Amino acid sequence: MPLISVKNVSKEYKQQTKGKDGDGKRISGKKLIKAVNGLSFDIEPGEFIGFIGENGAGKSTTIKMMSGILYPTSGTIHTMGIEPYKKRRENAMNIGVVFGQRSRLVWELPMSDTFELYKEIYRIPADRFRHNVALFTEILDMGEFANTPIRQLSLGQRMRVEIALSMLHDPPILFLDEPTIGLDVVAKKNIRDFFTERNGREGTTIILTSHDMKDLDTLASRVIMITKGEMLFDGTFDTLKERYNAESVAVFTFSDGREPESVSFDPKKRTLPEIIAEIGNQGEISNVEVKNADIEDIIREIYNG
Amino acid sequence: MKYYLRLGMTYWKMHLKKTFMFKQSFIINRIVQALNYFVEFALIWIMVNAFENMNGWNQYEVMLLYATNIVGYSIAAFFLYRTMLSTSTEVQNGAFDDVLTKPVRTLPYMCFRNLNPDYIAHVTLAAVMYVVAFSRLGVHIGIAEIAKLLLAFVCGGLVYGGMFLLAIAPTFILRETRFLRNIIFLLRDMSYYPISVFPLIIQVIMTLVLPYAVISFFPVQALIGKQDYLFLGRAIIYIAPLIATAFFAVGLWLFGFCVKRYKSTGS
(Lines give C-alpha, C1' and ligand atoms only; values in the text may rest on other atoms or scores of the structure.)
Protein backbone atom coordinates (compact mmCIF):
# COMPACT_ATOMS: atom_id res chain seq x y z
CA MET A 1 0.00 0.00 0.00
CA PRO A 2 1.40 3.44 -0.85
CA LEU A 3 2.25 5.78 2.01
CA ILE A 4 0.27 8.61 0.48
CA SER A 5 -2.43 8.05 -2.05
CA VAL A 6 -4.16 10.91 -3.84
CA LYS A 7 -7.14 9.81 -5.92
CA ASN A 8 -8.94 12.05 -8.34
CA VAL A 9 -8.77 14.99 -5.97
CA SER A 10 -10.30 18.36 -6.78
CA LYS A 11 -10.56 21.52 -4.72
CA GLU A 12 -12.81 24.38 -5.66
CA TYR A 13 -13.06 27.82 -4.12
CA LYS A 14 -15.74 30.39 -4.51
CA GLN A 15 -14.13 33.74 -5.06
CA GLN A 16 -16.02 36.98 -4.61
CA THR A 17 -15.64 39.13 -7.71
CA LYS A 18 -16.32 42.83 -7.81
CA GLY A 19 -15.62 45.21 -10.63
CA LYS A 20 -17.03 46.91 -13.68
CA ASP A 21 -17.95 45.36 -16.99
CA GLY A 22 -17.23 46.79 -20.44
CA ASP A 23 -20.10 49.30 -20.21
CA GLY A 24 -18.92 50.57 -16.85
CA LYS A 25 -21.71 48.74 -15.02
CA ARG A 26 -20.89 47.42 -11.62
CA ILE A 27 -20.85 43.66 -11.44
CA SER A 28 -20.39 41.42 -8.48
CA GLY A 29 -20.79 37.73 -8.03
CA LYS A 30 -19.05 34.56 -7.11
CA LYS A 31 -16.55 32.92 -9.39
CA LEU A 32 -15.70 29.27 -9.02
CA ILE A 33 -11.95 28.69 -8.94
CA LYS A 34 -10.63 25.19 -9.50
CA ALA A 35 -7.38 25.17 -7.56
CA VAL A 36 -6.86 21.44 -8.01
CA ASN A 37 -8.57 19.44 -10.71
CA GLY A 38 -8.72 15.64 -10.71
CA LEU A 39 -5.21 15.06 -9.39
CA SER A 40 -4.06 11.47 -8.75
CA PHE A 41 -0.72 10.05 -7.64
CA ASP A 42 0.80 7.63 -5.11
CA ILE A 43 3.87 8.17 -2.97
CA GLU A 44 5.83 5.21 -1.63
CA PRO A 45 7.70 5.16 1.70
CA GLY A 46 11.15 6.76 1.52
CA GLU A 47 10.57 8.73 -1.67
CA PHE A 48 11.87 12.26 -1.99
CA ILE A 49 9.39 14.15 -4.13
CA GLY A 50 9.99 17.47 -5.82
CA PHE A 51 6.62 19.11 -6.22
CA ILE A 52 6.77 21.70 -8.98
CA GLY A 53 4.35 24.17 -10.43
CA GLU A 54 4.11 27.85 -11.26
CA ASN A 55 2.51 30.24 -8.75
CA GLY A 56 -1.14 29.33 -8.34
CA ALA A 57 -0.68 25.88 -9.90
CA GLY A 58 -2.26 24.25 -6.84
CA LYS A 59 0.88 23.01 -5.02
CA SER A 60 0.10 24.58 -1.67
CA THR A 61 -3.55 23.58 -1.87
CA THR A 62 -2.54 19.97 -2.53
CA ILE A 63 -0.06 20.00 0.36
CA LYS A 64 -2.69 21.52 2.64
CA MET A 65 -5.13 18.74 1.74
CA MET A 66 -2.47 16.09 2.31
CA SER A 67 -1.60 17.60 5.69
CA GLY A 68 -5.22 17.77 6.86
CA ILE A 69 -5.74 21.54 6.75
CA LEU A 70 -8.25 21.51 3.88
CA TYR A 71 -11.00 19.16 2.77
CA PRO A 72 -10.98 18.24 -0.92
CA THR A 73 -14.18 19.15 -2.80
CA SER A 74 -14.11 15.70 -4.35
CA GLY A 75 -11.81 12.67 -4.43
CA THR A 76 -9.94 11.12 -1.52
CA ILE A 77 -6.52 11.30 0.04
CA HIS A 78 -5.02 8.70 2.34
CA THR A 79 -1.81 9.27 4.25
CA MET A 80 -0.68 6.19 6.14
CA GLY A 81 -4.13 4.72 5.79
CA ILE A 82 -6.14 7.64 7.13
CA GLU A 83 -7.91 10.55 5.50
CA PRO A 84 -5.89 13.46 6.92
CA TYR A 85 -8.69 16.07 6.95
CA LYS A 86 -11.06 13.66 8.71
CA LYS A 87 -8.56 12.60 11.36
CA ARG A 88 -6.57 15.77 11.58
CA ARG A 89 -4.98 15.18 14.99
CA GLU A 90 -4.06 11.57 14.33
CA ASN A 91 -2.55 12.60 11.01
CA ALA A 92 -0.61 15.43 12.66
CA MET A 93 1.47 12.90 14.61
CA ASN A 94 2.62 11.38 11.31
CA ILE A 95 3.67 14.55 9.57
CA GLY A 96 6.15 17.38 9.93
CA VAL A 97 5.35 20.62 8.17
CA VAL A 98 7.40 23.64 7.17
CA PHE A 99 5.48 26.38 5.41
CA GLY A 100 8.17 28.77 4.13
CA GLN A 101 8.16 32.25 5.58
CA ARG A 102 5.71 31.55 8.41
CA SER A 103 7.28 31.30 11.81
CA ARG A 104 6.04 29.18 14.70
CA LEU A 105 8.93 30.08 16.97
CA VAL A 106 8.65 31.90 20.28
CA TRP A 107 10.22 35.15 19.23
CA GLU A 108 11.51 36.40 22.59
CA LEU A 109 13.15 33.17 23.78
CA PRO A 110 15.95 30.87 22.56
CA MET A 111 15.11 27.87 20.38
CA SER A 112 15.22 25.46 23.32
CA ASP A 113 11.99 26.94 24.69
CA THR A 114 10.09 26.25 21.47
CA PHE A 115 11.61 22.76 21.42
CA GLU A 116 10.26 22.17 24.94
CA LEU A 117 6.77 23.16 23.79
CA TYR A 118 6.97 20.72 20.89
CA LYS A 119 8.16 17.99 23.22
CA GLU A 120 4.86 18.32 25.07
CA ILE A 121 2.69 18.86 21.99
CA TYR A 122 3.96 15.66 20.34
CA ARG A 123 4.53 13.71 23.59
CA ILE A 124 8.13 13.00 22.62
CA PRO A 125 9.86 10.66 25.11
CA ALA A 126 12.65 12.45 27.02
CA ASP A 127 15.54 10.34 25.66
CA ARG A 128 14.32 10.58 22.08
CA PHE A 129 13.93 14.33 22.52
CA ARG A 130 17.46 14.79 23.88
CA HIS A 131 18.88 12.61 21.12
CA ASN A 132 17.11 14.51 18.35
CA VAL A 133 17.92 17.95 19.72
CA ALA A 134 21.62 17.03 19.96
CA LEU A 135 21.67 15.43 16.51
CA PHE A 136 19.79 18.21 14.73
CA THR A 137 21.84 20.90 16.46
CA GLU A 138 24.93 19.25 15.05
CA ILE A 139 23.75 18.55 11.49
CA LEU A 140 22.07 21.92 11.08
CA ASP A 141 25.00 23.65 12.77
CA MET A 142 22.82 25.44 15.31
CA GLY A 143 25.18 25.24 18.31
CA GLU A 144 26.49 28.79 18.04
CA PHE A 145 23.05 30.38 18.33
CA ALA A 146 21.34 27.83 20.59
CA ASN A 147 21.05 30.33 23.45
CA THR A 148 20.21 33.43 21.43
CA PRO A 149 16.62 34.68 21.42
CA ILE A 150 14.95 33.84 18.12
CA ARG A 151 14.29 37.49 17.26
CA GLN A 152 18.06 38.07 17.00
CA LEU A 153 18.64 35.22 14.54
CA SER A 154 19.08 35.63 10.79
CA LEU A 155 16.49 34.28 8.37
CA GLY A 156 18.70 31.29 7.56
CA GLN A 157 19.25 30.47 11.23
CA ARG A 158 15.54 30.73 11.96
CA MET A 159 14.69 28.44 9.07
CA ARG A 160 17.14 25.84 10.37
CA VAL A 161 15.36 25.96 13.73
CA GLU A 162 11.97 25.66 12.00
CA ILE A 163 13.14 22.60 10.11
CA ALA A 164 14.58 20.94 13.21
CA LEU A 165 11.29 21.66 14.97
CA SER A 166 9.25 19.97 12.27
CA MET A 167 11.30 16.76 12.66
CA LEU A 168 11.60 16.56 16.46
CA HIS A 169 8.86 13.94 16.74
CA ASP A 170 10.38 11.77 13.97
CA PRO A 171 7.44 12.00 11.61
CA PRO A 172 7.54 9.50 8.73
CA ILE A 173 6.33 12.22 6.33
CA LEU A 174 7.71 15.72 5.91
CA PHE A 175 5.97 18.45 3.89
CA LEU A 176 8.20 21.35 2.94
CA ASP A 177 6.72 24.36 1.21
CA GLU A 178 9.52 26.64 -0.02
CA PRO A 179 11.90 25.97 2.87
CA THR A 180 14.95 27.58 1.28
CA ILE A 181 13.34 30.77 0.04
CA GLY A 182 15.57 33.79 0.64
CA LEU A 183 18.41 31.82 2.22
CA ASP A 184 22.14 32.14 1.59
CA VAL A 185 24.31 29.39 0.17
CA VAL A 186 25.61 28.14 3.54
CA ALA A 187 22.16 27.86 5.10
CA LYS A 188 20.86 26.13 1.99
CA LYS A 189 23.64 23.59 2.15
CA ASN A 190 23.01 22.84 5.85
CA ILE A 191 19.36 22.33 5.10
CA ARG A 192 19.93 20.15 2.05
CA ASP A 193 22.35 17.97 4.04
CA PHE A 194 19.74 17.59 6.73
CA PHE A 195 17.06 16.50 4.29
CA THR A 196 19.44 14.02 2.67
CA GLU A 197 20.33 12.61 6.08
CA ARG A 198 16.71 12.23 7.18
CA ASN A 199 15.62 10.74 3.89
CA GLY A 200 18.61 8.41 3.61
CA ARG A 201 19.06 7.27 7.20
CA GLU A 202 15.57 7.45 8.66
CA GLY A 203 13.72 6.77 5.42
CA THR A 204 11.60 9.87 5.94
CA THR A 205 9.34 10.52 2.98
CA ILE A 206 9.79 14.11 1.91
CA ILE A 207 7.54 16.21 -0.30
CA LEU A 208 9.28 19.43 -1.21
CA THR A 209 8.04 22.41 -3.18
CA SER A 210 10.64 24.91 -4.19
CA HIS A 211 11.29 27.50 -6.85
CA ASP A 212 14.96 26.67 -6.51
CA MET A 213 15.38 24.00 -9.17
CA LYS A 214 18.88 23.19 -7.94
CA ASP A 215 17.32 22.20 -4.62
CA LEU A 216 15.06 19.82 -6.44
CA ASP A 217 17.65 18.51 -8.88
CA THR A 218 20.09 17.60 -6.11
CA LEU A 219 17.54 16.28 -3.63
CA ALA A 220 14.48 14.83 -5.26
CA SER A 221 14.34 11.35 -6.73
CA ARG A 222 11.01 12.00 -8.38
CA VAL A 223 9.24 15.03 -9.74
CA ILE A 224 5.55 15.74 -9.72
CA MET A 225 4.77 18.70 -11.89
CA ILE A 226 1.37 20.32 -11.96
CA THR A 227 -0.17 23.20 -13.81
CA LYS A 228 -3.58 24.77 -13.26
CA GLY A 229 -4.33 22.04 -10.74
CA GLU A 230 -3.68 19.21 -13.18
CA MET A 231 -0.86 16.72 -13.57
CA LEU A 232 1.74 17.69 -16.14
CA PHE A 233 4.54 15.24 -15.42
CA ASP A 234 5.28 12.52 -12.90
CA GLY A 235 8.63 10.71 -13.03
CA THR A 236 12.37 11.05 -12.42
CA PHE A 237 14.44 14.08 -13.29
CA ASP A 238 16.31 12.05 -15.91
CA THR A 239 13.08 11.11 -17.63
CA LEU A 240 12.06 14.73 -17.47
CA LYS A 241 15.31 15.82 -19.11
CA GLU A 242 15.02 13.08 -21.71
CA ARG A 243 11.42 13.68 -22.55
CA TYR A 244 11.74 17.41 -22.95
CA ASN A 245 14.35 18.32 -25.44
CA ALA A 246 17.35 19.06 -23.23
CA GLU A 247 19.60 20.93 -25.60
CA SER A 248 23.05 22.22 -24.77
CA VAL A 249 24.41 25.43 -26.18
CA ALA A 250 28.00 25.99 -27.33
CA VAL A 251 29.19 29.57 -27.74
CA PHE A 252 32.23 30.03 -29.97
CA THR A 253 34.53 33.06 -29.83
CA PHE A 254 36.90 33.64 -32.74
CA SER A 255 40.50 34.96 -32.81
CA ASP A 256 39.70 37.56 -35.47
CA GLY A 257 37.28 39.33 -33.13
CA ARG A 258 34.10 38.79 -35.13
CA GLU A 259 30.70 38.17 -33.51
CA PRO A 260 30.60 35.03 -31.34
CA GLU A 261 28.40 32.23 -32.66
CA SER A 262 25.99 30.06 -30.64
CA VAL A 263 25.09 26.53 -31.64
CA SER A 264 22.33 24.56 -29.94
CA PHE A 265 22.71 20.81 -30.01
CA ASP A 266 21.37 17.65 -28.49
CA PRO A 267 24.38 15.95 -26.80
CA LYS A 268 22.88 12.54 -27.52
CA LYS A 269 22.85 13.13 -31.26
CA ARG A 270 25.95 15.22 -31.86
CA THR A 271 29.16 15.38 -29.88
CA LEU A 272 31.04 18.56 -29.07
CA PRO A 273 34.18 17.61 -31.12
CA GLU A 274 31.95 17.20 -34.20
CA ILE A 275 30.60 20.70 -33.76
CA ILE A 276 34.06 22.16 -33.07
CA ALA A 277 35.33 20.56 -36.27
CA GLU A 278 32.45 22.06 -38.22
CA ILE A 279 32.71 25.57 -36.76
CA GLY A 280 36.54 25.42 -36.99
CA ASN A 281 36.14 25.55 -40.78
CA GLN A 282 34.77 29.09 -40.47
CA GLY A 283 37.85 30.50 -38.71
CA GLU A 284 40.25 30.08 -35.84
CA ILE A 285 38.37 29.40 -32.58
CA SER A 286 39.77 31.18 -29.51
CA ASN A 287 37.29 29.88 -26.93
CA VAL A 288 34.30 27.56 -26.56
CA GLU A 289 31.83 27.87 -23.74
CA VAL A 290 29.32 25.06 -23.28
CA LYS A 291 26.16 25.50 -21.31
CA ASN A 292 24.26 22.31 -20.57
CA ALA A 293 20.52 22.66 -20.29
CA ASP A 294 19.74 22.77 -16.61
CA ILE A 295 16.49 21.85 -15.04
CA GLU A 296 15.41 25.47 -14.85
CA ASP A 297 15.60 25.82 -18.66
CA ILE A 298 13.59 22.65 -19.07
CA ILE A 299 10.88 23.76 -16.69
CA ARG A 300 10.70 27.18 -18.35
CA GLU A 301 10.37 25.51 -21.71
CA ILE A 302 7.61 23.20 -20.48
CA TYR A 303 5.55 25.99 -18.98
CA ASN A 304 6.06 28.31 -21.93
CA GLY A 305 5.46 25.60 -24.47
CA MET B 1 -7.11 15.63 30.08
CA LYS B 2 -3.74 15.08 31.74
CA TYR B 3 -2.11 15.81 28.39
CA TYR B 4 -3.91 19.16 28.11
CA LEU B 5 -3.05 20.11 31.71
CA ARG B 6 0.62 19.38 31.10
CA LEU B 7 0.60 21.22 27.81
CA GLY B 8 -1.21 24.18 29.40
CA MET B 9 1.34 24.31 32.22
CA THR B 10 4.26 24.18 29.78
CA TYR B 11 2.80 27.09 27.83
CA TRP B 12 2.06 29.02 31.03
CA LYS B 13 5.69 28.67 32.15
CA MET B 14 6.80 29.90 28.75
CA HIS B 15 4.51 32.94 28.94
CA LEU B 16 5.81 33.77 32.42
CA LYS B 17 9.38 33.46 31.21
CA LYS B 18 8.60 35.87 28.37
CA THR B 19 6.90 38.26 30.77
CA PHE B 20 9.77 38.28 33.25
CA MET B 21 12.22 39.18 30.52
CA PHE B 22 10.61 42.61 30.59
CA LYS B 23 9.79 42.70 34.30
CA GLN B 24 9.83 46.46 34.86
CA SER B 25 7.67 47.27 31.90
CA PHE B 26 5.26 44.50 32.91
CA ILE B 27 4.88 45.92 36.43
CA ILE B 28 4.45 49.50 35.23
CA ASN B 29 1.89 48.44 32.67
CA ARG B 30 -0.11 46.53 35.27
CA ILE B 31 -0.12 49.50 37.66
CA VAL B 32 -1.35 51.78 34.87
CA GLN B 33 -3.99 49.20 33.93
CA ALA B 34 -5.24 48.90 37.52
CA LEU B 35 -5.39 52.72 37.75
CA ASN B 36 -7.41 52.80 34.56
CA TYR B 37 -9.98 50.45 35.99
CA PHE B 38 -9.92 52.33 39.28
CA VAL B 39 -10.72 55.60 37.50
CA GLU B 40 -13.46 53.87 35.54
CA PHE B 41 -15.03 52.72 38.79
CA ALA B 42 -14.52 56.13 40.42
CA LEU B 43 -16.80 57.65 37.76
CA ILE B 44 -19.48 55.03 38.49
CA TRP B 45 -19.04 55.77 42.20
CA ILE B 46 -19.56 59.49 41.65
CA MET B 47 -22.71 58.78 39.69
CA VAL B 48 -24.19 56.45 42.31
CA ASN B 49 -23.29 59.02 44.96
CA ALA B 50 -25.10 61.77 43.06
CA PHE B 51 -28.30 59.71 43.02
CA GLU B 52 -27.66 58.62 46.64
CA ASN B 53 -28.45 55.13 45.49
CA MET B 54 -29.15 53.46 42.18
CA ASN B 55 -32.47 51.65 42.13
CA GLY B 56 -31.90 50.56 45.72
CA TRP B 57 -28.21 49.71 45.26
CA ASN B 58 -25.65 51.69 47.31
CA GLN B 59 -22.02 52.44 46.33
CA TYR B 60 -20.57 49.41 48.07
CA GLU B 61 -23.04 47.05 46.50
CA VAL B 62 -22.21 48.54 43.11
CA MET B 63 -18.54 48.07 44.02
CA LEU B 64 -19.23 44.35 44.46
CA LEU B 65 -20.90 44.29 41.05
CA TYR B 66 -17.81 45.88 39.53
CA ALA B 67 -15.28 43.64 41.31
CA THR B 68 -17.17 40.43 40.46
CA ASN B 69 -17.54 41.58 36.89
CA ILE B 70 -13.83 42.21 36.31
CA VAL B 71 -12.82 38.91 37.91
CA GLY B 72 -15.17 37.01 35.57
CA TYR B 73 -13.79 39.01 32.68
CA SER B 74 -10.20 38.28 33.74
CA ILE B 75 -10.79 34.53 33.82
CA ALA B 76 -12.14 34.48 30.26
CA ALA B 77 -9.69 37.06 28.95
CA PHE B 78 -6.74 35.14 30.44
CA PHE B 79 -7.47 32.40 27.91
CA LEU B 80 -9.17 34.19 25.08
CA TYR B 81 -8.40 37.91 24.80
CA ARG B 82 -5.18 37.58 22.81
CA THR B 83 -6.75 34.81 20.75
CA MET B 84 -9.53 37.21 19.84
CA LEU B 85 -7.02 39.86 18.79
CA SER B 86 -4.75 37.55 16.80
CA THR B 87 -7.18 35.19 15.07
CA SER B 88 -8.23 37.65 12.41
CA THR B 89 -4.60 38.32 11.40
CA GLU B 90 -3.72 34.63 11.50
CA VAL B 91 -6.67 33.73 9.33
CA GLN B 92 -5.87 36.49 6.87
CA ASN B 93 -2.18 35.68 6.47
CA GLY B 94 -2.65 31.92 6.61
CA ALA B 95 -0.70 31.41 9.85
CA PHE B 96 -3.75 29.65 11.27
CA ASP B 97 -2.90 26.69 9.00
CA ASP B 98 -0.17 25.78 11.43
CA VAL B 99 -2.70 25.32 14.26
CA LEU B 100 -4.43 22.66 12.16
CA THR B 101 -1.21 20.69 11.69
CA LYS B 102 -0.86 20.05 15.44
CA PRO B 103 -2.14 16.93 17.22
CA VAL B 104 -4.05 19.15 19.66
CA ARG B 105 -7.68 20.28 19.75
CA THR B 106 -7.95 23.67 18.07
CA LEU B 107 -9.44 25.75 20.88
CA PRO B 108 -7.20 24.64 23.77
CA TYR B 109 -4.16 25.02 21.55
CA MET B 110 -5.14 28.56 20.54
CA CYS B 111 -5.80 29.44 24.19
CA PHE B 112 -2.50 28.01 25.42
CA ARG B 113 -0.53 29.93 22.83
CA ASN B 114 -2.22 33.14 23.94
CA LEU B 115 -2.39 32.88 27.75
CA ASN B 116 -2.18 36.38 29.15
CA PRO B 117 -0.70 37.17 32.58
CA ASP B 118 -1.85 40.82 32.42
CA TYR B 119 -5.02 40.20 34.45
CA ILE B 120 -3.12 40.17 37.72
CA ALA B 121 -3.97 43.91 37.73
CA HIS B 122 -7.73 43.30 37.55
CA VAL B 123 -7.70 40.60 40.19
CA THR B 124 -5.63 42.67 42.60
CA LEU B 125 -7.93 45.66 42.21
CA ALA B 126 -10.98 43.40 42.68
CA ALA B 127 -9.47 41.90 45.86
CA VAL B 128 -9.03 45.37 47.37
CA MET B 129 -12.60 46.26 46.41
CA TYR B 130 -13.96 43.08 48.04
CA VAL B 131 -12.18 43.86 51.32
CA VAL B 132 -13.52 47.43 51.35
CA ALA B 133 -17.08 46.54 50.26
CA PHE B 134 -17.48 43.54 52.58
CA SER B 135 -16.31 45.47 55.62
CA ARG B 136 -18.51 48.50 54.84
CA LEU B 137 -21.54 46.32 54.17
CA GLY B 138 -20.84 44.17 57.22
CA VAL B 139 -20.99 40.97 55.19
CA HIS B 140 -19.84 37.96 57.12
CA ILE B 141 -17.59 35.79 54.96
CA GLY B 142 -17.94 32.08 55.65
CA ILE B 143 -17.59 28.98 53.55
CA ALA B 144 -21.03 29.49 51.96
CA GLU B 145 -20.09 33.02 50.86
CA ILE B 146 -16.77 31.88 49.45
CA ALA B 147 -18.53 29.12 47.50
CA LYS B 148 -21.08 31.62 46.16
CA LEU B 149 -18.27 33.97 45.17
CA LEU B 150 -16.38 31.21 43.37
CA LEU B 151 -19.56 30.20 41.56
CA ALA B 152 -20.03 33.85 40.57
CA PHE B 153 -16.52 33.86 39.07
CA VAL B 154 -17.29 30.70 37.13
CA CYS B 155 -20.51 32.26 35.79
CA GLY B 156 -18.65 35.41 34.78
CA GLY B 157 -15.88 33.38 33.14
CA LEU B 158 -18.44 31.34 31.20
CA VAL B 159 -20.45 34.32 29.95
CA TYR B 160 -17.39 36.32 28.94
CA GLY B 161 -15.84 33.14 27.52
CA GLY B 162 -18.99 32.61 25.47
CA MET B 163 -18.84 36.22 24.26
CA PHE B 164 -15.18 35.89 23.23
CA LEU B 165 -15.97 32.69 21.35
CA LEU B 166 -18.91 34.34 19.59
CA ALA B 167 -16.56 37.14 18.55
CA ILE B 168 -13.77 34.79 17.43
CA ALA B 169 -15.78 32.10 15.61
CA PRO B 170 -17.08 34.08 12.61
CA THR B 171 -13.49 35.20 11.90
CA PHE B 172 -12.83 31.78 10.34
CA ILE B 173 -15.42 32.55 7.68
CA LEU B 174 -15.59 36.36 7.48
CA ARG B 175 -11.89 36.95 8.22
CA GLU B 176 -12.52 40.34 9.84
CA THR B 177 -14.86 40.67 12.82
CA ARG B 178 -13.64 43.68 14.77
CA PHE B 179 -17.21 44.97 15.10
CA LEU B 180 -18.11 42.01 17.32
CA ARG B 181 -15.42 42.94 19.82
CA ASN B 182 -17.05 46.29 20.43
CA ILE B 183 -20.29 44.61 21.52
CA ILE B 184 -18.43 42.73 24.27
CA PHE B 185 -17.11 45.94 25.76
CA LEU B 186 -20.26 48.00 25.28
CA LEU B 187 -22.29 45.42 27.22
CA ARG B 188 -19.55 45.09 29.80
CA ASP B 189 -19.76 48.82 30.53
CA MET B 190 -23.54 48.51 30.95
CA SER B 191 -23.28 45.49 33.21
CA TYR B 192 -21.27 47.47 35.80
CA TYR B 193 -24.60 49.03 36.81
CA PRO B 194 -27.57 47.27 38.42
CA ILE B 195 -29.38 45.84 35.39
CA SER B 196 -32.73 46.97 36.85
CA VAL B 197 -31.94 50.60 35.93
CA PHE B 198 -32.31 49.77 32.23
CA PRO B 199 -35.58 49.51 30.24
CA LEU B 200 -37.30 46.13 30.17
CA ILE B 201 -36.10 45.19 26.67
CA ILE B 202 -32.45 45.69 27.72
CA GLN B 203 -33.11 43.64 30.87
CA VAL B 204 -34.49 40.79 28.75
CA ILE B 205 -31.52 40.91 26.37
CA MET B 206 -29.00 41.05 29.19
CA THR B 207 -30.60 38.16 31.02
CA LEU B 208 -31.66 35.75 28.31
CA VAL B 209 -29.88 36.65 25.05
CA LEU B 210 -26.42 37.94 25.91
CA PRO B 211 -26.66 37.12 29.62
CA TYR B 212 -24.44 39.78 31.18
CA ALA B 213 -26.80 39.93 34.18
CA VAL B 214 -25.54 36.48 35.11
CA ILE B 215 -21.95 37.73 35.45
CA SER B 216 -22.42 39.79 38.60
CA PHE B 217 -25.93 41.22 38.97
CA PHE B 218 -27.62 38.00 40.13
CA PRO B 219 -24.58 36.36 41.78
CA VAL B 220 -23.92 39.42 43.97
CA GLN B 221 -27.57 39.35 45.09
CA ALA B 222 -27.19 35.71 46.05
CA LEU B 223 -24.09 36.69 48.01
CA ILE B 224 -25.52 39.61 49.99
CA GLY B 225 -29.18 38.50 50.08
CA LYS B 226 -30.56 41.30 47.90
CA GLN B 227 -33.82 40.89 46.00
CA ASP B 228 -33.85 42.71 42.69
CA TYR B 229 -34.99 39.96 40.36
CA LEU B 230 -36.13 42.11 37.40
CA PHE B 231 -39.09 40.57 35.59
CA LEU B 232 -38.16 37.15 36.97
CA GLY B 233 -38.75 35.35 40.24
CA ARG B 234 -36.27 34.27 42.88
CA ALA B 235 -35.57 31.14 40.87
CA ILE B 236 -33.29 33.19 38.60
CA ILE B 237 -30.63 33.05 41.33
CA TYR B 238 -30.48 29.28 40.87
CA ILE B 239 -30.97 29.27 37.12
CA ALA B 240 -28.19 31.81 36.54
CA PRO B 241 -25.34 29.24 36.47
CA LEU B 242 -27.32 27.18 33.97
CA ILE B 243 -27.79 30.20 31.72
CA ALA B 244 -24.04 30.90 31.90
CA THR B 245 -23.21 27.29 31.04
CA ALA B 246 -25.69 27.17 28.17
CA PHE B 247 -24.36 30.43 26.76
CA PHE B 248 -20.77 29.14 26.85
CA ALA B 249 -21.91 25.92 25.17
CA VAL B 250 -23.42 27.97 22.35
CA GLY B 251 -20.08 29.78 21.97
CA LEU B 252 -18.22 26.45 21.84
CA TRP B 253 -20.63 25.05 19.29
CA LEU B 254 -20.31 28.10 17.03
CA PHE B 255 -16.53 27.99 17.30
CA GLY B 256 -16.47 24.34 16.18
CA PHE B 257 -18.97 25.03 13.41
CA CYS B 258 -16.92 27.91 12.00
CA VAL B 259 -13.48 26.25 12.29
CA LYS B 260 -14.79 23.39 10.15
CA ARG B 261 -15.65 25.91 7.47
CA TYR B 262 -12.25 27.57 7.55
CA LYS B 263 -10.78 28.06 4.11
CA SER B 264 -7.07 28.53 4.03
CA THR B 265 -5.56 31.44 2.13
CA GLY B 266 -3.16 30.71 -0.75
CA SER B 267 0.56 30.26 -0.20
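**Two interfaces in a predicted model**

Guide: In this predicted model, 31 residues of chain B are in contact with 25 residues of chain A. Contact means heavy atoms within 4.5 Å. Residues are numbered from 1 along each chain as its sequence is written, and chains are lettered from A in the order in which they are written. Local features need pLDDT of at least 70, side-chain atom pairs count only at pLDDT 80 or more, and totals for chains, interfaces and linings use all residues, while side-chain values use heavy atoms, without hydrogens or water.

Visitor: What area is buried between chain B and chain A?

Guide: Buried area is the accessible area (1.4 Å probe) that two parts lose on being put together, summed over both. Between chain B and chain A it is about 2,600 Å². Carbon and sulfur atoms give 61% of that area.

Visitor: How many salt bridges are there between chain B and chain A?

Guide: A salt bridge is a side-chain nitrogen of Lys or Arg within 4 Å of a carboxyl oxygen of Asp or Glu. Chain B and chain A have four between them. In one salt bridge, the side chains of A:Lys64 and B:Asp97 meet at 3.2 Å, N to O.

Visitor: Which elements of chain B give two or more residues to the side that touches chain A?

Guide: Helices (H or I, at least four residues) and strands (E, at least two) are DSSP runs, numbered from the N terminus. On chain B they are helix 1 (2–21), helix 4 (96–100) and helix 5 (106–113). Helix 1 of chain B gives the largest share, 10 residues.

Visitor: Which domains does chain A have?

Guide: Domain bounds come from an automatic or database domain assignment. For chain A, the assignment gives domain 1 (4–242) and domain 2 (246–304). Their centres, taken over C-alpha atoms, are 38 Å apart. Their contact takes 14 residues from domain 1 of chain A and nine from domain 2 of chain A.

Visitor: What area is buried between domain 1 and domain 2 of chain A?

Guide: About 940 Å² is buried there, and carbon and sulfur atoms give 74% of it. In domain 1 of chain A, A:Met213, A:Met225 and A:Lys241 lose the most area to domain 2, together 47% of what that side buries. The count of salt bridges between these two domains is zero.

Visitor: Which element gives the most to the side of domain 1 of chain A that touches domain 2?

Guide: Helix 8 of chain A does, with four residues.
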